Amino acid sequence: MDQKVSALLNEQINKELYSAYLYLDMANFYDAKGLDGFANWYEIQAKEEQDHAMLMYRYLHNNGESVTLEAIAKPDKEFKTLMDPLTAAHAHEQYVTGLINTIYAAAQEVHDYRTVQFLDWFVKEQGEEEKNSSDMITKMELFGGDAKALYMLNSELAGRVYSAPSLQL
């Protein structure tokens, strides 16, 4: 495997684990506000980010590459309103999309089609993540100012269940 591609994937493992920390921080914020459904949503997001890191970890090992685990930074966002985590999550997903696109472009540049194929799943996943985070903002804008509607939205989010990714390595 090209060393630049390997290094970018290795860095992405750390960034995916940071994403998990960030989403746990968001869950923590909503738990403190009594919004267990929102907290559930972000706890599941955190698990998904851990899965993403592990998929990359396993992919590197399966391709004879070593993995170096770095320190995971403490989330640095301060949330004051119920909307703050939602907008921060959307901006973060856009950032991660850019990171995935950078790795994808590097793999294409060196004709590493195996890695391109591996990353296809992440490209699709990021499209879903950006849509979900955008939808959350829209729903909060529509319903967040009404206590009954916020209660229903919170109940809807409480129903989300974790499912492991189906990507085959």
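## The second largest cavity

Asn10, Ile13, Asn14, Leu17, Thr68, Leu69 and Glu70 line the second largest cavity. A cavity is a set of points on a 1 Å grid over the protein atoms alone where a 1.4 Å probe fits but cannot get out, and lining residues have an atom within 4 Å of a point. The space inside is about 40 Å³. Volume here is the space filled by probe spheres set on the points, with grid points joined across faces, edges and corners.

Three lining residues of this cavity are nonpolar, three are polar and one is charged. Ala, Val, Leu, Ile, Met, Phe, Trp, Tyr, Cys and Pro count as nonpolar; Asp, Glu, Lys and Arg count as charged; the others, Gly among them, count as polar.

## How to read the model

The model is predicted: local features need pLDDT of at least 70, side-chain atom pairs count only at pLDDT 80 or more, and totals for chains, interfaces and linings use all residues. Residues are numbered from 1 along each chain as its sequence is written, and side-chain values use heavy atoms, leaving out hydrogens and water.

## The largest cavity

The whole structure holds two cavities of 30 Å³ or more. The largest has about 60 Å³ of space. Its lining is Tyr23, Trp41, Tyr42, Gln45, Ala89, Glu93, Glu129, Asn132 and Ser133. Two or more of these residues come from each of α2 (36-62), α3 (84-109) and α4 (113-143). Helices (H or I, at least four residues) are DSSP runs, numbered from the N terminus. By class, the lining has four nonpolar, three polar and two charged residues.

## The largest pocket

A pocket is an open set of points with protein on both sides within 12 Å along at least five of seven lines. The largest one has a volume of about 220 Å³. It is lined by 13 residues, and Glu48, Trp121, Glu125, Glu128 and Ser163 lie nearest its centre. α4 gives the largest share, five residues. The lining divides into three nonpolar, four polar and six charged residues.

## Two packed helices

How do α4 and α5 (residues 147-158) pack? Their angle is about 155° and their axes are 9 Å apart. Axes are lines fitted to C-alpha atoms over the stretch in contact, and angles run from 0 to 180 degrees between N-to-C directions. The two helices are therefore roughly antiparallel, a label for angles over 145 degrees.

Contact means heavy atoms within 4.5 Å. α4 brings Met136, Lys139, Met140 and Phe143, while α5 brings Ala149, Leu150, Leu153, Glu156 and Leu157. Seven of these residues are nonpolar, none is polar and two are charged.

Notes:
Angles under 35 degrees count as roughly parallel, over 145 as roughly antiparallel, 65 to 115 as roughly perpendicular and the rest as oblique.
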